[in-house]
Amino acid sequence: MNVEIVFSDVDGTLLNNEHKMLEGTMYAIRKLQEKDIPFVIISARSPSGIYPILEENGFSCPIISYSGALILDDKKNTVYSTGFDKETAENVINFIEGEKFDCCWNLYTGDNWIVKDKKDPRVICEENIVHTEAMEGTLALLPDNAELEKILCICNPEKTIEIEDKIKKKFPMLSVVKSFHTMIEIMQTGITKGSAVLELCKLWNIKLDKAVAFGDNFNDADMLDVVGFPFLMGNAPEELKLRFKNITDSNNDEGIYKALVKMGAISPR
């Protein structure tokens, strides 16, 4: 199979439920890199939430962060970056607080992660998952010309859809998408994992019909839509399984490795 690039989401895809990479997944990445096939991590996480994964497992690769707002090559050089201005971010935060939504907001700019309350259990949980620390503060910490890549809302799971709908209606000019049953990602209009895949493949002159992508949740759908070989993880929501026909095994059962072997992109162990 003539594969030119492989994209993988992180949580629920690249990592198992213990937030670890499985041996088969690491083997698959090594085999791809031996064949000079780029393996690209694509995630809603910040760069500082992705690089510990690379360090722990002893490899480097390009990353797409903030669900597409920031692309870095394997040397950590910026390939692409876009975001929204401080005024827009302030309007979103004021709306979230004014509506008294059952959620906490998180601001991301560059590699900075700003939260209102570091003692919030939802923030602490996220810090433990991504192995990086948030900074307590407000938008006042940033210069007037700051560009923000993302606002993340960590919600009461019973309220996530309701909060997502209200933010979408209030800010139709922004990209608002549920990425997990407790999480809503807010980014510049047009920014999705799919748009980032299109941008990187264009920059590197890679054919989309030779691109492979792995994902497990709703914010991966745009990415899976644009590549020639989309794979949905077995642990994905049933709603997504009705939409995509290529379903591999779960993130706990070597789903990435098995799919790449089955399609002939790598040899089996």
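Predicted model: local features only at pLDDT ≥ 70, side-chain atom pairs only at ≥ 80, totals over all residues.
Figure 1. If you go looking for others, the count comes to 1 cavity of 30 Å³ or more. Residues lining the largest cavity include Thr 13, Leu 14, Leu 22 and Thr 25. Met 233 also belongs to the lining, as do Ser 250, Asn 251, Glu 254, Gly 255 and Ile 256.

**Figure 2. The largest pocket and the elements that line it.** Here we turn to a pocket with a volume of about 600 Å³, the largest in the model. Its lining is made up of 34 residues, and those closest to the centre are Asp 11, Glu 126, Ile 129, Phe 180 and Met 183. Two or more lining residues come from each of helix 4 (121-130), strand 11 (150-155), strand 12 (174-180) and strand 13 (183-188). Helix 4 provides the largest share of the lining, with 5 residues.

Figure 3. Strand 5 pairs with strand 4 (residues 70-72) in the antiparallel sense, over 3 bridges. In this pair, look for Ile 71, which stands opposite Tyr 80 of strand 5.

**Figure 4. Two helices lying across strands of the sheet.**

**Figure 5. Asn 217, a buried loop residue.** You will find Asn 217 in the loop between strand 14 (211-215) and helix 7 (221-226). Asn 217 counts as buried because its relative accessible area is 8%, and buried means under 20%. Its side chain reaches the backbone oxygen of Ser 179 at 3.4 Å. Leaving aside neighbours within four places in sequence, the contacts of Asn 217 are Ser 179, Phe 180, Pro 237 and Leu 240. One of these, Phe 180, is also among the residues closest to the centre of the largest pocket.

**Figure 6. Asn 112 and its contacts.** Asn 112 sits in strand 8 (residues 112-115). With a relative accessibility of 36%, Asn 112 counts as partly exposed. Although Asn 112 and Ala 134 are 22 residues apart along the chain, their C-alpha atoms are separated by 7.6 Å. Beyond the neighbours within four places in sequence, Asn 112 is in contact with Tyr 66, Leu 107 and Met 135.

**Figure 7. Two lysines with positive phi.** Lys 76 is found in the loop between strand 4 and strand 5. Its phi is near 70 degrees, a positive value in a residue other than glycine. Lys 100, also not a glycine, has a positive phi of about 55 degrees. The loop that holds Lys 100 runs between helix 3 (86-98) and strand 7 (103-109). Lys 100 is exposed, with a relative accessible area of 72%.

Methods:
Residues numbered from 1 in each chain as written. Heavy atoms only, no water. Helix = DSSP H or I, 4+ residues; strand = E, 2+ residues; numbered from the N terminus. Buried < 20%, exposed > 50% of the residue type's maximum accessible area, 1.4 Å probe, protein only. Polar contact = N/O pair within 3.5 Å; in protein donor to acceptor, adjacent residues only side chain to side chain. Contact = heavy atoms within 4.5 Å. Pairing = 2+ DSSP bridges. 1 Å grid on protein atoms, 1.4 Å probe; cavity = no way out; pocket = protein on both sides within 12 Å on 5 of 7 lines; lining within 4 Å. Points joined across faces, edges and corners; volume = space filled by probe spheres on them.
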